[in-house]
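Trainee: Please show me the model, and let us then discuss it by question and answer.

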Amino acid sequence: MASIGLGALIGFLVIVVLSAVYPGVGHVLGALMGGLVAGLIARGLIAGTTAGFLSGVFSAILLAFLEFLHLLVFETVRHGFLGFLFGGLAGIVLGIVLAIVVAVFASIGGLLGGFLTR
């Protein structure tokens, strides 16, 4: 059971690094790879899925926050106060969508990683 936390931590780091290096497709690729690594470390179907889900949720929270800040600042610089309002709104919506996608793909990757260890 202790390997679930370690798998989730390492999976989280893999997701965040790949998302930072390859913006866009790196979020999905990072979620799959991070979940797979988390599942391999956690060993087992349930443990791998749990570790993948945890790494996906934590990285999704961080990535959604960064996406919100990016759109907020970018649109404020470009369009002023209206950009601040609508950029923040777009950042929240895209952050939520990104959070769901990353959590699902990380769970799938964790399931695959846990399956490979059994």
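Mentor: Helix H3 gives the most to the lining of the largest pocket, with four residues. This is a predicted model, in which local features need pLDDT of at least 70 and side-chain atom pairs count only at pLDDT 80 or more, while totals for chains, interfaces and linings use all residues. Residues are numbered from 1 along each chain as its sequence is written, and side-chain values use heavy atoms, with hydrogens and water left out.

Trainee: Does Gly 113 count as buried or exposed?

Mentor: Gly 113 lies in helix H4 (residues 81-117); helices are DSSP runs of H or I, at least four residues, numbered from the N terminus. Buried means under 20% relative accessible area, exposed over 50%, and partly exposed in between, with a 1.4 Å probe and protein chains only. With a relative accessible area of 0%, Gly 113 is therefore buried.

Trainee: Which residues does Gly 113 touch, not counting residues up to four places away in sequence?

Mentor: Contact means heavy atoms within 4.5 Å. Not counting residues up to four places away in sequence, Gly 113 touches Leu 36, Gly 39 and Leu 40.

Trainee: Why does Arg 43 count as exposed?

Mentor: Arg 43 lies in the loop between helix H2 (25-42) and H3. Arg 43 counts as exposed because of its relative accessibility, which is 59%.

Trainee: What is the phi of Arg 43?

Mentor: Most residues other than glycine have a negative phi. Arg 43 is not a glycine, yet its phi is positive, at about 60 degrees.

Notes: Helices (H or I, at least four residues) and strands (E, at least two) are DSSP runs, numbered from the N terminus.
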